[in-house]
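Biologist: Could you walk me through how this one is packed? I would like to start with the helices and then go on to the core.

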Amino acid sequence: MKIAQKLTLAVLLWLIIINPGSISNIDTQRRLQMAHAWWTGAEETIANDKLNISINGKNYIPYDLGQSMMMLPGDWLGHKIGQKIVDDQERQSLAELVISFLIFLPLSLLAIIESFRFLKLLGYSEKLAALSSMIFFLGSTVLFYSSFHQQNNQIILLVLLGYETVFNFILKKKRKFLVFSGFALGFAFLIRVTSVLHVATVLAFLVGLIV
């Protein structure tokens with residue numbers, strides 16, 4: 001079995017068995033409520049949440065939209081699957097399970113695979129790239145906050161894609177890679193506004209490669 005396959009299998013098993021993540025964190029719950037409100041027509045609000053803001057008599061959660069956009073299909077599917085479940089809490093738990101395993105787990109896996117790919121593209125050996133990616137993976141699943149579906153892995157995935165596509169633009173002289181980079185970094189900005197700093201580092205990386 002190749003190193004890349006071993007890395008993928010190890011990460012996948014860890015995510016499924018040890019730490020699939022949860023939506024119990026209040027920030028992730030807010031973003032899920034935003035997603036749920038968009039397709040149900042409900043208000044973007046959590047009971048007794050002081051963060052809610054009111055505009056024209058309607059409550060909203062003043063958060064970035066990107067992660068909610070990613071959760072929306074899973075929330076819709078989970079509620080459709082559990083539509084015959086009478087208990088609202090059980091139906092919500094099912095929806096969160098669907099989101100965890102069909103959306104966030106694959107994204108976390110892709111973040112590690114992208115880390116491995118980019119390190120190889122930079123010229124590192126497969127063993128070193130796999131070891132570095134595994135260390136990064138453990139850091140993003142064992143450390144504090146990593147057991148929740150925070151935005152970190154999703155942003156890392158998109159920013160690494162931004163770096164890789166910029167590097168491929170220099171290597172292959174095809175402008176489509178710049179377009180791919182723009183899409184990836186643009187969505188990272190939707191997930192977290194402060195990702196504009198990541199965009200700046202990718203631009204600096206591009207300028208450095210040109211020079």
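Modeller: A word on terms comes first: the axes here are lines fitted to C-alpha atoms, for helices over the stretch in contact, and the angles run from 0 to 180 degrees between N-to-C directions. Please also keep in mind that this is a predicted model.

Biologist: Fine, so at what angle do helix 3 and helix 7 cross?

Modeller: Their axes cross at roughly 95° and come within 5 Å; since angles of 65 to 115 degrees count as roughly perpendicular, helix 3 and helix 7 are therefore roughly perpendicular to each other.

Biologist: Which residues make that contact?

Modeller: Helix 3 contributes Gly66, Gln67, Met69 and Met70, while Phe187, Leu190 and Ile191 come from helix 7. Sorted by class, the contact of helix 3 with helix 7 has five nonpolar residues, two polar ones and no charged ones.

Biologist: Now the core. How many residues are in the largest nonpolar one?

Modeller: The largest nonpolar core has 28 residues, and those with the most contacts inside it are Met71, Ile99, Phe104 and Leu107. Helix 6 provides the largest share of this core, namely 10 residues.

Biologist: And what does Leu107 touch, beyond residues up to four places away in sequence?

Modeller: Leu107 touches Met70, Gln154 and Leu157. There is also a second, separate core of 11 residues, which includes Val11, Leu105, Ile112 and Phe116.

Biologist: One more thing: is Ser108 buried or exposed?

Modeller: Ser108, which is found in helix 4, has a relative accessible area of 14%, and because buried means under 20%, Ser108 counts as buried. Leaving aside neighbours within four places in sequence, Ser108 is in contact with Leu15 and Asn153.

Conventions:
Residues numbered from 1 in each chain as written. Predicted model: local features only at pLDDT ≥ 70, side-chain atom pairs only at ≥ 80, totals over all residues. Heavy atoms only, no water. Helix = DSSP H or I, 4+ residues; strand = E, 2+ residues; numbered from the N terminus. Buried < 20%, exposed > 50% of the residue type's maximum accessible area, 1.4 Å probe, protein only. Contact = heavy atoms within 4.5 Å. Core = buried A, V, L, I, M, F, W, Y, C linked by side-chain atoms within 4.5 Å. Parallel < 35°, antiparallel > 145°, perpendicular 65-115°, else oblique. Nonpolar A, V, L, I, M, F, W, Y, C, P; charged D, E, K, R; others polar.
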